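Visitor: I'd like to know where the labels on this one come from. Could you walk me through it?

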Amino acid sequence: MNTRLIASWLIGAPAAVVGLGLVIQLAALADPSLYFAWGYYFEVFVGGLLQGVMYSLVALGFVLIFKASSTFNFAQGSMVLFAALTMVGFIEWGLHWTIAFALTMGVMVLLAMAIERVVLRPLVNQPHITLFMATIGIFYFLDGFGQTLWGSDVKSLDIGMPRTPVIVLENVFDGGIMINQFDLVAALVGGALVLGLAVFFQKTRIGRALRAVADDHQAALSVGIPLKTIWVVVWTVAGIVALVAGVMWGGKMGVQFTLALIALKALPVLILGGLTSIPGAIVGGLIIGAGEQVAEIFLGHFIGSAIQDWFAYVLAMLVLLVRPQGLFGEKIIERV
Amino acid sequence: MSEILADPLPLDGDAPEAARVFDEVLLSVDNITLTFGGVTALSNIGFDIRKGEIRAIIGPNGAGKTSMLNVINGFYHPQQGKITFKGEERRRMRPHNAAKQGIARTFQNVALFKGMTTLDNVMTGRLLKMKTNMFWQAIYWGPNQREEIKHREFCEHIIDFLEIQAIRKTPVGRLPYGMQKRVELARALAMEPELLLLDEPMAGMNIEEKEDMSRFILDVNDQFGTTIALIEHDMSVVMDLSDRVVVLDYGRKLADGTPAAVSRDQKVIDAYLGVGH
Amino acid sequence: MLYREAGQFKSSYASDQAIFPIRQDKIGIALILVVALLVVPFVASNYVLNSILVPFLVFSTAAIGLNIVTGYCGQVSLGTGGFMACGAFFAFKLTTAFPDIHIILIFLLAGFGTALVGIVFGLPSLRIKGFYLAIATLAAQFFLIWMFTQNPWWTNYNPAGVITAPPRALFGDFYITGVRATPVGKYLFLVCFVTILALVAKNLVRSALGRAWMAIRDMDIAAEIMGIRPMMAKLSAFAVSSFFIGISGALWAFIYTASVEALAFEVTRSFQVLFMIIIGGLGSILGSFLGAAFIVLLPILLNSAPAMVGIRMSTELLTHLEFMIFGALIVFFLIVEPQGLARLWQIGKEKLRRWPFPY
């Protein structure tokens, strides 16, 4: 990422936000039944952004695995569910949440090793789409496995994160902007995780090896990169990201089957940001999160509610029509 | 069978190919410049290909030979310059338009349809000539079957010609490399092209396979009258097969002429052997 | 010894290009059809007809459809459920608005309508490939289901959002939908209808269009250089595929379940059909049938197996186990035989030809 790109985002993004607000205000003028106030708009927007960070957390797991093995890991969502279920299970045994967290990390390592051994190793050098479908298999397996082990009741997961909403900027907007503290903490944790991962990928030897593996399995093997280890490492990291996402999401909406489906929310984030880009996953998450909330409230007023179900996908699809590699993805040059 | 534009001059191994004279220009490229970002792949290239000849494009690795073929069949769009094919200047076009105009091609790394049989691969070469609509295809019997059989017959001729009858029903993914190259040639021939572009048809072959392939190329040129442009690294093959040679280096044209003239050209010798040796 | 083609010489290209060039296969398929039409209706119980054979035939149609776009043309689609819903709701709206139109025509029209929708949602395939496309097709899935649940117009303002198939006869008193339809009648109709559809699909994939699809699937750049227009090939694959899937959705709503809500075509349905073609065999019409049979039968076996050996399990646990086994099987098939049951069948045939010799 170069500075010019960052600068254009720093200027462009706020401009787009304000512009969108103006458009909605115009719409509200035309149709008085649509309620619009700047304070309300920003509240919706910020709520969406924080929600978006949560999407990014899930999307991050996808990006990690995609970077290292060019595999689109459809099972990331069920890994989130599985991790959260396991952690709740440990807590129910009477363990403190920190110990449960550590134990679950151990379980995720075992899981990564198992996946590498049983699924990835036999499928080395298969077409990417085969691996993709294999991960759909893992998705179903993990879904069933987690619930077989720990049951399918809705469980609450509380690690003592604050839940009271705070109100900020009261002097700027009428009534201020209400922000959910839980989301704020989640966003901070997510941010820290991203930073850590970025350093891990860019600065460490293992990160470089990961990128080599992503390029070409055989070539990486032939220069002596231990494919097995790399895969275990990357799936472990993805597992830990899934665990963090599971703790956050599970804390927010309870640990239950639907947790696996938030992966479906992360997919448009992913293709919007570009499959290979960690910053892309973040920015994509923010755009989708905010866009979705704003659309639900203001656009939904005109075309019907529950457009959250598909809005993110349509938004992502439109972006893809203009930039097939996503916002931050690497440009694909075709060769013969 | 296709219209056979039999060459009146029988090709006989001893007669020098310079004996063949070609006047009619089939394709000409002028001032082609192609860049990717900041990298210049081709700069100001111009040459022509005349009807009925075998034209070789040679040059060290990275000289821009494959890019040149990609430009000719519409896969890359040059930033500057024009291409004239059969007297018509071509504007920006997609590869399928080039195919429609009669340009076929084989690839450096075999680009066959791996999941399909040899026969089906060759039959794809006839797709442009198959006209029955989707409705009749869904019924199959009737016009569609008649058409299928007609084109099957044509493809069987090509299969006989290239001696690949035994692997007709084999999925091409299972064939050895040399055979795949041959199937690829068959597929291109099935299009009845006027201009056939061969990108390193003999790469990675042993001497017997090269001899077979050279024979096929000469036979194609001789029997079907197909104009051929080929890229090849093996100089002895180039010298024996081609009527005229164009030499590229670092995206520039170094020389253009008969094999004998080109091989004496000092710039060519320098490019291949390095200056100062 | 029984299965050997020695001595069967083909003297014309037509006989060499037949769907079943070997005599034993011809006899086999004729036998299957005879049994399906003349024996099964008399011996099968209503349970077998309603819960196994009818859904099997409906799913086979959907699987053929998805196989065309994914197996033959290589464009992974996760929008199957949405397209099935299109077929179901289009057929419902058409037949309630025009009760006089013959039901077969209604099914076909629903199919054509879905084909148009398929073309629209196939447009991204011109720009994007692989995973990106797979995810973009989810847009179709979610958008279409949302449209059918949000708009009461689609259900003729049914308060529960359910469409119920009105009674329609194939001819005279032979009802195939509604309360007066018998399981045998439904089954017989489906056998004939799906056989014809499968034949159409087979004809398409062995003609020029099918070769264009496969060429795009195997190597799109080379295909374009052969003169295949990627846009035409991909969009026609999406259209034909959606046509079949739309019909299967209409059959699902009208014949299999008789009344249905949009949520029956959720994203899990898309995955279910995708599994059928993976397990059955990508790029194989036969595989679509095998995969559909497998996926329809597996839950039934799983449900009855524990009871047979005397273990009692909660239905919840069974569902989870079913998930696990499904997942494991998918992975298993991809590793052992990426080309699915159809390929195993082919290998079996080749072995049989040589039997009793090992080579």
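Visitor: What makes S2-S1-S4-S5 of chain B an open sheet of four strands?
Guide: The pairing does. Two strands pair if DSSP finds at least two bridges between them, and here the pairing is antiparallel, in the order S2-S1-S4-S5 (chain B). Strand S2 (39–50) and strand S5 (88–90) of chain B stand at the edges with a single partner strand each, so one side of each has no neighbour in the sheet. Strands and helices are DSSP runs numbered from the N terminus (E, at least two residues, for strands; H or I, at least four, for helices). Bear in mind that this is a predicted model, where local features need pLDDT of at least 70, side-chain atom pairs count only at pLDDT 80 or more, and totals for chains, interfaces and linings use all residues. Residues are numbered from 1 along each chain as its sequence is written, while chains are lettered from A and ligands numbered from 1 in the order in which they are written.

Visitor: How do you know that strand S4 of chain B pairs with S5(B)?
Guide: Count the bridges: three of them join strand S4 (residues 80–85) of chain B to S5(B), and the two run antiparallel. The cut-off is at least two bridges, so S4(B) and S5(B) count as a pair. Across that pair, B:Phe85 stands opposite B:Glu88 in S5(B).

Visitor: What packs on the sheet, and at what angle to S2(B)?
Guide: Helix H1 (residues 65–72) of chain B, which touches strand S1 (25–36), S2 and S4 of chain B. The direction of that helix makes about 65 degrees with that of S2(B). Such angles run from 0 to 180 degrees between N-to-C directions, with axes fitted to C-alpha atoms, for helices over the stretch in contact.

Visitor: Why are there two domains in chain B?
Guide: Domain bounds come from an automatic or database domain assignment, and that gives domain 1 (1–14 + 25–102 + 193–277) and domain 2 (113–192) in chain B. Their centres, taken over C-alpha atoms, are separated by 26 Å.

Visitor: What makes the two domains of chain B count as touching?
Guide: Residues are in contact if their C-beta atoms, placed from the backbone, lie within 7 Å. On that basis, 13 residues of domain 1 of chain B meet eleven residues of domain 2 of chain B. On the domain 1 side, helix H2 (95–101) and helix H7 (207–224) of chain B are the elements giving two or more residues, and H7(B) gives the most, with four.
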